[in-house]
Amino acid sequence: MKRTIAFLIFLTLWIFPAPTWAWYDETHLAIAKAAGYEKWYNAAGADITKIKAGDAEQKNHFSNNPPGTIISPEMVLEQASRYNDPNDTPGHLYGAIIASIREYRTTIRTGKYAEYHLAFCAHYVGDLSQPLHNTLHDSFNKKVHVATDGIIEDEVLNNLSLIEIYPIKIESETDLPREIARIANLSTNLGYQLEKENRMLTKEEAYRQISHSASLFKGILNWLKTEPKE
């Protein structure tokens, strides 16, 4: 009887895995700070929200891409319509970036406080570079996910100089899906490379990955500064 109960618990956890986190708080904060976001201290807020919102927020943080998936700009845009959908099993991280920016732009034009939408966007852009948030949540992913999230957590805020800012120019929403897809493909490919080699992400790889996120978010911030407020 006890063995049966234990098996059922195992099966439940396998089919309905516990919430997956992405980079831990200070890594998200470092990405936003390196990008020049004035309210960088809000960048971890989306993970806090998962405690109350559950799957309605959880599904915004990952995209379960099978091996061989090539993420296209069209795929990114299609995901935007699934923002905050708790029933979207594959997840819609890429669309969440688009949708959160849309909500920021819409809200700010009404004269209301829009900053929290941008803070959510900062978090999603950070998740984009975590390789295991772009691959299937399989046995390898589960085995190394927590350790990967925290690989540079204890040092990253003291090493912002290691986060490179690459030139990414966003002039309109039209530019976003292309850049999101580019980084998503880099992250997905790295995730499956790690699985093939059965190894952990290195710190060097982690800094390179979060540099992609910081660069994209800086490009987004520069674009939004040019947006009319009315």
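In helix α6, residues L93, A96, I97, S100, I101, E103, Y104 and T107 meet H117, L118, C121, Y124, V125 and D127 of helix α7. Contact here means heavy atoms within 4.5 Å. The residues of this contact divide into 9 nonpolar, 3 polar and 2 charged. Ala, Val, Leu, Ile, Met, Phe, Trp, Tyr, Cys and Pro count as nonpolar, Asp, Glu, Lys and Arg as charged, and the others, Gly among them, as polar.

This is a predicted model: local features need pLDDT of at least 70, side-chain atom pairs need 80 or more, and totals for chains, interfaces and linings use all residues. Residues are numbered from 1 along each chain as its sequence is written, and side-chain values use heavy atoms, without hydrogens and water.

Helix α6 spans residues 93–109 and helix α7 residues 115–127. Their axes, lines fitted to C-alpha atoms over the stretch in contact, come within 8 Å and cross at roughly 160 degrees. The two helices are therefore roughly antiparallel, a term for angles over 145 degrees, on a scale from 0 to 180 between N-to-C directions.

Now turn to S213. It lies in helix α10, residues 203–225. Its relative accessibility is 0%, so S213 counts as buried; the cut-off is under 20% relative accessible area, with a 1.4 Å probe and protein chains only. Beyond its neighbours within four places in sequence, S213 touches I31, V125, G126 and S129.

The whole protein has 10 helices and 0 strands. Helices are DSSP runs of H or I with at least four residues, strands runs of E with at least two, numbered from the N terminus. Of the 230 residues, 50% are buried.

Notes: Parallel < 35°, antiparallel > 145°, perpendicular 65-115°, else oblique.
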